[in-house]
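Please look over the sequence and structure shown below. A briefing on selected features follows.

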Amino acid sequence: MRSHLKHFINGEWVASTGSETINVINPATEEVIGQISNGTEEDLDKAVAAARAAFPSFSQTSKQERIDLLNRIADEYEKRKDDIVEMITQELGAPLKMSYKMHYNMGLSHFRQAAKELETFEFSERRGSTLIRKEAIGVSGLITPWNFPTNQTSTKLASAFAAGSTVILKPSELTPYAAIILAEVFEAAGLPKGVFNLVNGSGEIVGNGISSHPDIDFVSFTGSGAVGQKISENAAKTVKRVALELGGKSPLIVLDDYDVKKAAKMAVANVLTNSGQVCTAATRTLIPKSKKDEFVKAVKEVLPQFPVGDPRDEKTYYGPLVSEKQYDRVQEYIKKGQSEGATLVAGGTGKPEGLEKGYYVKPTVFADVKNDMIIAQEEIFGPVMSILTYENLDEAIEIANDTIYGLAGYVIGEDEVTVDRVASSIRAGRITVNQAPADFSAPFGGYKQSGFGREWGDYGIEEYLEIKAVVGMPS
Ligand code: NAD
């Protein structure tokens, strides 16, 4: 049992002013693995004061100092590889190899990428006698979800540090320990006092406190749409800038010129990654009507290559969902799919055989899904694929865009002109072609109700900057 009841404020581990705690559960075993403090408003006030006090000097550090700092952070992060991998497996239930390949590496990539971006990033631009300056935005409040405990935190933190902004982080109370390791990494890297502050606790108290705090200048939030709306409303009262990374219901369009078996494998891999708990998951698979039977058969054949199981088993592709609440939610959606008349071609309700303990969900595939069904419109956040058909490309694009979301889209096809047409027609912030690997320099963020703002790379740094014009600057 790990008991980590202290917050990290002004460069020190300090006790909470409250006495309430929150249990952290391993979703694979359903056992309590530790506790954190349920932070209070007073804890948050201390953290904000520390971040505010650190801002004047940190925001004036040179670009080179911040490049060196980000690289030192990345070096220290690498030293903690085993701890980070183990922790993500324990608190999220991700298979060990995924905790390394995906979670650990994504976190690392953001720090290295931010350092690289800074090399060429221009903080000022002269237009005749006017000087345009980009200055650190101030104190930033970061609120993150549980599904990518190192990725979501690191992208925000790397961008904030690159810009010279000081921060208060409130990670998800479901997966707080990866963020505690990050705090230790920053300590080891010699981050100046007060630049990074960690306050653990609930959304109701610490999260709400961040979005309404008069001394916080900017809030970057990743999580659900409902909470994103509350944050926007709160932030409006002090005219705080907000960036929201919310949910998605992303389409994956398979073109008729592509090998069906290969496309099925890509689609399955996408939807089962991280147990389907991915905001960019391609949960609506659109295939030409004439290829439906062939595609469904190929999906069924490929499923055994992506086994659900114990995160510590080398063969496991995906582990349990993060919590009982998420498990129940996904079960309800599977029932809805059946009652709405979609054809269940694999999986279904209940636990997979032999995995009765832990929040495991069967890999579930629905065919004959219509886009107005609930399972095609709402974010399920579980290992559930919906297969829809289209008659022609216009219809495919219309279906793809018939959603309140616009976070991501996927195209699988050979013909460059058609791929380009689809990519430019989908109203979403990131389009991936033929399962291309992630590009950490490319902007990440949503259209429509998937939110606003961009993370990753140079666009991510821009989020933490204000723009100033100095007019009449002598040359
Ligand atoms: P959530 O919105 O419930 O929680 C996210 C964070 O917000 C947590 O740290 C939580 O404690 C905090 N929070 C809760 N209530 C709050 C409040 N009133 N004020 C301020 N903060 C509050 O989401 P979740 O359950 O952690 O994650 C699942 C959802 O997040 C899914 O719907 C998914 O689509 C979305 N998500 C989106 C992205 C993205 O990048 N777009 C990434 C991951 C998750």
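This is a predicted model: local features need pLDDT of at least 70, side-chain atom pairs count only at pLDDT 80 or more; totals for chains, interfaces and linings use all residues.

Residues are numbered from 1 along each chain as its sequence is written, and side-chain values use heavy atoms, with hydrogens and water left out.

**Positive phi angles**

- Lys-448 is not a glycine, yet its phi is positive, at about 50°.
- Lys-448 belongs to strand S21 (residues 447-448); strands (E, at least two residues) and helices (H or I, at least four) are DSSP runs, numbered from the N terminus.
- Val-239, also not a glycine, has a positive phi of about 45°.
- The loop that holds Val-239 runs between helix H8 (225-236) and strand S12 (241-245).
- Val-239 counts as exposed because its relative accessibility is 75%.
- Gly-164, which follows H5, has a positive phi near 90°.

**Helix H5 and Asn-151**

- Helix H5 covers residues 151-163 and includes Asn-151.
- The 13 residues of H5 should span 18 Å at 1.5 Å a residue, and the end C-alpha atoms are 18 Å apart, which agrees; the expected span is 1.5 Å times one less than the number of residues.
- In H5, 13 of the 13 residues are buried, so the helix is largely enclosed by the rest of the structure.
- Asn-151 itself counts as buried because its relative accessibility is 6%.
- Beyond its neighbours within four places in sequence, Asn-151 is in contact (heavy atoms within 4.5 Å) with Met-106, Gly-107, His-110 and Trp-456.
- From C-alpha to C-alpha, Asn-151 and Leu-108 are 8.3 Å apart in space, while 43 residues separate them in sequence.

**Nonpolar surface patch**

- A nonpolar patch on the surface is formed by Met-1, Ile-25 and Val-32, which together have about 290 Å² of accessible area.
- Patches are made of residues with over 30% relative accessible area and no salt bridge, joining like charges within 9 Å and nonpolar side chains (Val, Leu, Ile, Met, Phe, Trp, Tyr) within 5 Å.
- A salt bridge is a side-chain nitrogen of Lys or Arg within 4 Å of a carboxyl oxygen of Asp or Glu.
- Accessible areas come from the Shrake-Rupley method with a 1.4 Å probe, and for residues only the protein chains shown count as cover.
- Met-1 sits in the segment before strand S1 (2-4).
- Met-1 counts as exposed because its relative accessibility is 75%.

Terms used
Buried means under 20% relative accessible area, exposed over 50%, partly exposed in between (1.4 Å probe, protein chains only).
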